[in-house]
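Subject: Structure handover

Hello,

Here is the structure I said I would pass on. Please open it first; my notes on what was found follow below.

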Amino acid sequence: MESFIERINTLGGIEISFSHNIENLRFETQTEINVYRVICELFHNTFKHARAEKISLMIHYADNRFVAQYFDDGIGFENDGLLNKHGMGISNMSSRLKTINGSIEFKRIKPKGMMTNIVLKTMTIDNKHGKG
């Protein structure tokens, strides 16, 4: 995730901050892939639709709970008719997370912006094998 964000930052045009506490933690491959793809889709949607100047991504893992909070200061959108207005991207993100026992929630921040929460119960690979 860090290298993805660094590449975007080198393009300029939008300020991205990223913080996390998962430095050396690893999760099941499918969990990592699905979370990565959902976060990439959030970035894509911000670039394509939001007209944002800033993005913030915070990832926190504790007590077998993975939480990613994504914020942008763009134009936001209303949750009413969300799937109809914004195509398959939103539906695909939700489906990806359901396959790994996760969920996604979108919240408009007024006067402008959007917050997305991704939550899933999961264990690190070390915990699953009794090492953590």
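In helix 1, the residues F4, I5 and I8 are buried, where buried means under 20% relative accessible area, exposed over 50% and partly exposed in between, with a 1.4 Å probe and protein chains only. Helices (H or I, at least four residues) and strands (E, at least two) are DSSP runs, numbered from the N terminus. Viewed down the axis of helix 1, its buried residues fall within an arc of 95 degrees, so they line one face of the helix; the arc is that of the directions from the helix axis to the C-beta atoms. E6 and T10, on the other side of helix 1, are exposed. The buried residues of helix 1 pack against strand 1, helix 2 and strand 2 (54-62), with contact meaning heavy atoms within 4.5 Å. Just after helix 1, G12 has a positive phi of about 75 degrees.

Before the rest, two notes on the basis. This is a predicted model, in which local features need pLDDT of at least 70 and side-chain atom pairs count only at pLDDT 80 or more, while totals for chains, interfaces and linings use all residues. Residues are numbered from 1 along each chain as its sequence is written, and side-chain values use heavy atoms, with hydrogens and water left out.

Five strands form an open sheet in the order 1-2-3-5-4, with mixed pairing; two strands pair if DSSP finds at least two bridges between them. Strand 1 and strand 4 are the edge strands, each pairing on one side only. From one strand to the next the twist averages 10 degrees. Axes here are lines fitted to C-alpha atoms, for helices over the stretch in contact, and angles run from 0 to 180 degrees between N-to-C directions. Helix 1 packs on the sheet, where it touches strand 1 and strand 2, and its direction makes about 165 degrees with that of strand 1. Helix 2 lies across strand 1, strand 2, strand 3, strand 4 and strand 5, and runs at about 10 degrees to strand 3.

Strand 2 and strand 3 run antiparallel and are joined by eight bridges. A62 stands opposite R65 in strand 3, and R65 in turn stands opposite K121 in strand 5. Strand 3 (residues 65-72) and strand 5 also pair in the antiparallel sense, over eight bridges. On the other pairing of strand 5, seven bridges join it to strand 4 (residues 102-108), again antiparallel. E105 has N117 in strand 5 as its bridge partner. The hairpin of strand 4 and strand 5 has five residues between the strands, and G113 in this hairpin takes a positive phi near 125 degrees. Strand 5 (residues 114-121) is mostly covered, with six of its eight residues buried.

Aromatic pairs

How many aromatic pairs does a search of the whole structure find? There are six. Rings of Phe, Tyr and Trp (its six-membered ring) pair if their centres lie within 6.5 Å; planes under 30 degrees apart count as stacked, over 60 as edge-to-face and the rest as tilted. F4 and F43 form an edge-to-face pair, at 5.4 Å centre to centre and 80 degrees between the planes. F4 lies in helix 1 (residues 2-11) and F43 in helix 2 (residues 29-50), so the pair ties together parts that are 39 residues apart in sequence. F4 counts as buried at 13% relative accessibility, and F43 is buried with a relative accessible area of 1%.

The rings of F27 and F66 have centres 5.7 Å apart and planes at 85 degrees, so this pair is edge-to-face. F27 is in the loop between strand 1 (15-20) and helix 2, and F66 is in strand 3, 39 residues apart. Both F27 and F66 are buried. F4, Y36, F43, F47 and Y70 form one aromatic cluster.

The core

A nonpolar core is a set of buried Ala, Val, Leu, Ile, Met, Phe, Trp, Tyr and Cys residues joined through side-chain atoms within 4.5 Å. The largest one has 32 residues, of which I39, F43, L57, F66, L97, F106 and I118 touch the most other members. Its largest share, seven residues, comes from helix 2. Leaving out residues up to four places away in sequence, the contacts of F66 include I22, F27, V35 and I118.

Regards
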